[in-house]
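Student: Could you walk me through the ligand site in this one? I'd like to start with what surrounds the ligand.
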Amino acid sequence: MGFFSRLRKGLEKTKGSLIKNIETVVRGYAKIDDEMYDDLEAVMLTGDIGVETTEYLLDQIRSGVKSREIQNGDDVIPYLEKCIVALLEENNDPVPDCTGTTDVIFIVGVNGVGKTTTIGKLAKYYTQQGKSVMLAAGDTFRAAAAEQLTIWADRTGVPIVKHQEGADAAAVVFDATASAKAHHTDILLVDTAGRLQTKSNLMEELRKMARVASRNIEGAPQETLLVLDATTGQNAVSQAKLFGDVVPLTGVVLTKLDGTAKGGVILSVKRELGVPVRWVGVGEGVDDLRPFDAAQFADALFDRNVEKREQEED
Ligand SMILES: Nc1nc2c(ncn2[C@@H]2O[C@H](COP(=O)(O)OP(=O)(O)OP(=O)(O)O)[C@@H](O)[C@H]2O)c(=O)[nH]1
Ligand SMILES: [Mg+2]
């Protein structure tokens, strides 16, 4: 199965819990009234869209009613689809191309969201694009973290810089940036510890890592990607807000979109965080991560252009 098919399959439950419920609600209404808004609000909130984004979408529907684009319940779905697509496409400029020097990418996030796996997948993706890649085992906190990353390095055939468990993560970053620079490596992917202990510890460690990186490579880290586990729904949004207060984020990686009913969370990530979704993950395999493509995502969510998409599939 190609990526679109996997994405579409992964979003089936989200579709079931969210889109289908919205359809069921609006179909019953010959004319739009307060009761319909209340019912809509309830299904959107259960679909993990979040309070703020739900309010936003309801306001959009209200203006559609005002402009007479929506005259009855049946008109709501295509209208809402348009709003959701616009939301997905918002704030979605492509990542600027490599600058010629090494691009350092920090991968951050709480325990178990998929940071290390994402690094493995990114290593594969970028090497396939003809880029040279290096990994840095910046999670020196958890036993076996470096080993897990080493397996990905071996699997994707890229070098890795690592220290002993318990070593200073910033020292790993220092060595890795020096090595990447010396080897003219295009992309250095830095794994980080998932603990969130206290906010100030995390802040200090990540800041130190960034400071050290920029000493060897100007402007580093060029990207700081926050990995969020879609299955945690609205929790992911709170995590993102917490991290965003600590480090400047350049993008989000939304993992585990395979089989969750909470995929609606992507809408509140887009709406509430002001940080672009850069990558989406639909499984544990090395090919299960792709750049986020709003049009593709919308097609998968709303079952549009399915045949065309499947034909183009890799
Ligand atoms: N189903 C599914 N599983 C995923 C996806 N991405 C990662 N995983 C799984 O999630 C689990 C945790 O992944 P890790 O990459 O170890 O997560 P981490 O953030 O590095 O975890 P810590 O290092 O403990 O903080 C693993 O079993 C992965 O295979 C995905 O897109 N879909
Ligand atoms: Mg890890």
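Tutor: Helices here are DSSP runs (H or I) of at least four residues, numbered from the N terminus. This is a predicted model, and in it helix α6, residues 115–128, gives the largest share of the shell around ligand 1, namely four residues.

Student: Okay, and which residues come nearest to ligand 1?
Tutor: The shell holds 19 residues, and of these Lys-115, Thr-116, Thr-117, Asp-258 and Glu-284 come nearest to ligand 1.

Student: How does that shell divide into nonpolar, polar and charged?
Tutor: The shell around ligand 1 has nine polar and seven charged residues, along with three nonpolar ones.

Student: What lies 2.7 Å from a nitrogen atom of the ligand?
Tutor: That is a polar side-chain atom of Asp-258. On the oxygen side, a polar side-chain atom of Gln-148 lies 3.0 Å from an oxygen atom of ligand 1, and one of Asn-111 lies 3.5 Å from an oxygen atom of the ligand.

Student: And how much of ligand 1 does the protein bury?
Tutor: The protein buries 80% of the 650 Å² that ligand 1 exposes when taken alone.

Student: Switching to pockets, which one does ligand 1 sit in?
Tutor: Ligand 1 sits in the second largest pocket, which holds about 200 Å³ of space.

Student: What lines that second largest pocket?
Tutor: Its lining includes Thr-117, Lys-121, Asp-258 and Glu-284, and α6 gives the most to this lining, with three residues. By class, the lining of the second largest pocket has six polar, four charged and two nonpolar residues.

Technical notes: Residues are numbered from 1 along each chain as its sequence is written. Chains are lettered from A and ligands numbered from 1 in the order in which they are written. This is a predicted model: local features need pLDDT of at least 70, side-chain atom pairs count only at pLDDT 80 or more; totals for chains, interfaces and linings use all residues. Side-chain values use heavy atoms; hydrogens and water are left out. A residue is near a molecule or strand if one of its heavy atoms lies within 4 Å of it. A polar contact is a pair of N or O atoms within 3.5 Å; within protein, one must be able to donate a hydrogen and the other to accept it, and residues adjacent in sequence count only if both atoms are side-chain atoms. Accessible areas come from the Shrake-Rupley method with a 1.4 Å probe; for residues, only the protein chains shown count as cover. On a 1 Å grid over the protein atoms alone, a cavity is a set of points where a 1.4 Å probe fits but cannot get out, and a pocket is an open set with protein on both sides within 12 Å along at least five of seven lines; lining residues have an atom within 4 Å of a point. A molecule sits in a cavity or pocket if more than half of its atoms lie within 2 Å of its grid points. Helices (H or I, at least four residues) and strands (E, at least two) are DSSP runs, numbered from the N terminus. Ala, Val, Leu, Ile, Met, Phe, Trp, Tyr, Cys and Pro count as nonpolar, Asp, Glu, Lys and Arg as charged, and the others, Gly among them, as polar. Grid points are joined across faces, edges and corners, and a volume is the space filled by probe spheres set on the points.
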